[in-house]
Amino acid sequence: MLAYGSFSDSELLTLLREGDASAYTVIYNRYFEELYIHACQRLHDRDEAQDVIHELFAALWNKKETLEIKSSLAAYLYTSVRNRIMDVIAHQQVETKYVSSLQNFIETGYCITDHQVRERQLTALIEKGISELPPKMREIFELSRKHVMSHKEIALQLNLSEQTVRKQVNNALKILRLKLGMMLFLVV
């Protein structure tokens with residue numbers, strides 16, 4: 001059996017391109033912790049950081065045959081993580097803008113007629129999207145957004161972990177964003 005752990009990154013990349021799962025495992029084990037710590041420091045969210053790193057390594061495996069690394073493997077991985085972190089931060093900013101816009105919409109009842117029509121349409125789309133969520137996810141999302149409960153309060157009420165509640169709310173927002181598409185940008 002080969003001693004993969006003693007192979008250089010360049011040798012491991014050659015084996016990875018050939019579909020060698022053991023080489024992939026060594027690369028994963030060699031870089032996961034460093035990349036995870038780097039992502040945690042930037043995102044301040046362990047779950048999100050772990051998701052970023054897992055997505056990176058899944059993409060590395062899925063693109064192994066066409067992978068073109070012009071610098072070192074470490075530089076490629078760090079650049080990829082940095083880009084994914086920037087995507088997550090941009091996504092969080094859009095999410096925050098969406099949630100505050102939705103909250104503002106709920107709180108303010110006065111708008112011009114044309115705006116009112118679009119808002120009613122958007123509200124109907126949002127409500128339809130919420131009603132189509134899986135039952136537990138819908139319950140958690142409604143407690144979070146309609147009843148303005150914190151993740152901790154929801155977790156206590158439903159006997160779940162805060163992490164589960166946070167993930168369910170994030171998943172619900174992802175689903176709703178996909179369903180709402182461009183209608184969101186017409187109102188925001």
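1. Does Phe32 count as buried or exposed at 18% relative accessibility? In this predicted model, Phe32 counts as buried, because its relative accessibility of 18% falls under the 20% limit for that class. Tyr28, by contrast, has a relative accessible area of 24% and is partly exposed.

2. Tyr28 and Phe32 form a stacked aromatic pair, with 5.2 Å from centre to centre and 25° between the planes. Both residues belong to helix α2, which spans residues 21–43. Because they are four residues apart in that helix, about one helical turn separates them.

3. Tyr28 also takes part in an aromatic pair with Phe57. The geometry here is edge-to-face: the centres are 4.8 Å apart and the planes make an angle of 65°. Since Tyr28 lies in helix α2 and Phe57 in helix α3, this pair ties together parts that are 29 residues apart in sequence. Phe57 counts as buried, with a relative accessibility of 1%.

4. A search of the whole structure finds six aromatic pairs. One aromatic cluster is formed by Tyr24, Tyr28, Phe32, Tyr36, Phe57 and Trp61. Trp61, a member of this cluster, also has a charged neighbour: the charged end of Lys64 sits over the Trp61 ring, 3.9 Å from the ring centre.

5. A separate point concerns the largest pocket, which holds about 300 Å³ of space. Its lining comprises 15 residues, and those closest to the pocket centre are Glu48, Glu55, Val88, His91 and Lys174. Three elements, α3 (46–62), α4 (73–107) and α8 (162–180), each give two or more residues to this lining. Helix α4 provides the largest share, with six residues.

6. What is the division of the lining of the largest pocket into nonpolar, polar and charged residues? The lining has 10 charged residues, three polar residues and two nonpolar residues. Among the residues closest to the centre are Glu48, Glu55 and Lys174, which fall in the charged class because Glu and Lys are both counted there.

Note on methods:
Residues numbered from 1 in each chain as written. Predicted model: local features only at pLDDT ≥ 70, side-chain atom pairs only at ≥ 80, totals over all residues. Heavy atoms only, no water. 1 Å grid on protein atoms, 1.4 Å probe; cavity = no way out; pocket = protein on both sides within 12 Å on 5 of 7 lines; lining within 4 Å. Points joined across faces, edges and corners; volume = space filled by probe spheres on them. Phe/Tyr/Trp six-rings, centres within 6.5 Å; stacked < 30°, edge-to-face > 60°. Buried < 20%, exposed > 50% of the residue type's maximum accessible area, 1.4 Å probe, protein only. Lys NZ or Arg CZ within 6 Å of the ring centre and 35° of its normal.
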